[in-house]
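Please load the model in your viewer and keep the selection panel at hand. The stops below can be followed in order.

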Amino acid sequence: MRLILMGVSGSGKTTLGEALAARTGWPFLDGDDFHTPEAKAKMAAGLGLSDEDRQPWLERLRAELLARPEVILACSSLRHSYRDVLRVPDARFVFLNVAQSLLLERLQERGGHYAHADLLPSQLQTLEPPDRGEADVLTLHVTAQDSSADLTRLTLSALGLADAR
C-alpha cells in the first residue's frame, strides 16, 4: 500500500507520517523535500504556488510512489487534480481535516519551516476537500486533543494495517 497523507500546512502530515513509518517499517517521504528552491522561496514569501508550479513537483512525487510498493508520503494534495496525478496502484489517501484556528496556532508555533502562517489563507482557498466520489480517501477530523499515537492507531486500524509490523 502507498499512503498519501494530505492536508494544508500545519495539519500534521509529517508528524503522522513519521509515526506511521515507525509502526509499519515503511519509508517516509516528505513532499516538502521535493519542492524546488524557487518554489520554497515563493512559499517563504507567503505566496501560494500555482498549478504550473506544482505540476513538476507532483510528477516527481508520482515517480517516487511508483518506485516503492510500500511507502508513506506527506503531500498537501489540495486539489482533486493533484490527487489524480498521485493515484497510482494501491494508493490510499488520509485527509487530515483540521479547524482553521488550530492550523493557525500550529503554524504560529512552528519554526524553521518555509511555510509560515501567512500561507494558510492561500492553502485553504486552494483546498478541494475530498468528496464521496473519492473512495480511496480516509478523512480524519483532527482536534487539539488528538495525539500522534491516537491518530496513528486510528489510521492503521481504519486501513486494516493494525498489525503491519
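The tour goes from the sheet to its inner strands, then to the core and to several helices and single residues.

Residues are numbered from 1 along each chain as its sequence is written, and side-chain values use heavy atoms, with hydrogens and water left out. This is a predicted model, in which local features need pLDDT of at least 70 and side-chain atom pairs count only at pLDDT 80 or more, while totals for chains, interfaces and linings use all residues.

**The sheet**

Begin by displaying the strands, which, like the helices, are DSSP runs numbered from the N terminus (helices are H or I with at least four residues, strands are E with at least two). Five strands form an open sheet with parallel pairing, in the order 2-3-1-4-5, where two strands pair if DSSP finds at least two bridges between them. Strand 2 (28-30) and strand 5 (137-142) stand at the edges with a single partner strand each, so one side of each is left without a neighbour in the sheet. From one strand to the next the twist averages 20°, with axes taken as lines fitted to C-alpha atoms (for helices over the stretch in contact) and angles running from 0 to 180 degrees between N-to-C directions. Strands of a sheet pair through backbone hydrogen bonds, either parallel or antiparallel.

**Strand 1 and its partners**

Select residues 2-6, which make up strand 1. Buried or exposed: what are the residues of this strand? Five of the five are buried, so strand 1 is largely enclosed by the rest of the structure; here buried means under 20% relative accessible area, exposed over 50%, and partly exposed in between (1.4 Å probe, protein chains only). R2, I4 and M6 point one way from the strand, whereas L3 and L5 point the other way.

**The core**

Next, colour the largest nonpolar core, which has 43 residues, and pick out I4, C75, L86 and L140, the members that touch the most other members. A nonpolar core is a set of buried Ala, Val, Leu, Ile, Met, Phe, Trp, Tyr and Cys residues joined through side-chain atoms within 4.5 Å. Strand 4 supplies the largest share of this core, six residues. Centre the view on I4: leaving aside neighbours within four places in sequence, I4 is in contact (heavy atoms within 4.5 Å) with residues including L65, L73, C75, L86 and F93.

**Helices against the sheet**

Select helix 3 (residues 51-66), which has 16 residues and reaches 22 Å from its first C-alpha to its last, close to the 22 Å expected at 1.5 Å a residue; the expected span is 1.5 Å times one less than the number of residues. The buried residues of helix 3 are R54, W57, L58, L61 and L65, and what covers them includes strand 1, strand 3, helix 4 (80-86) and helix 6 (120-126). Then turn to helix 5 (residues 100-109), which lies across strand 4 (91-98) and strand 5 and runs at about 90° to strand 4.

P27 lies in the loop between helix 1 (13-24) and strand 2, and is partly exposed, with a relative accessible area of 35%. The C-alpha atoms of P27 and V71 are separated by 5.2 Å, although these residues are 44 residues apart along the chain.

In helix 1, select L16, which is buried at a relative accessible area of 3%. Beyond four places in sequence, the contacts of L16 include L5, L96 and L140.

Which backbone oxygen does the side chain of T152 reach? In helix 7 (residues 148-158), where T152 is placed, the side chain of T152 reaches the backbone oxygen of S148 at 2.7 Å. T152 counts as buried at 4% relative accessibility, and touches L16, A19, L20 and R23, not counting residues up to four places away in sequence.

Key
A polar contact is a pair of N or O atoms within 3.5 Å; within protein, one must be able to donate a hydrogen and the other to accept it, and residues adjacent in sequence count only if both atoms are side-chain atoms.
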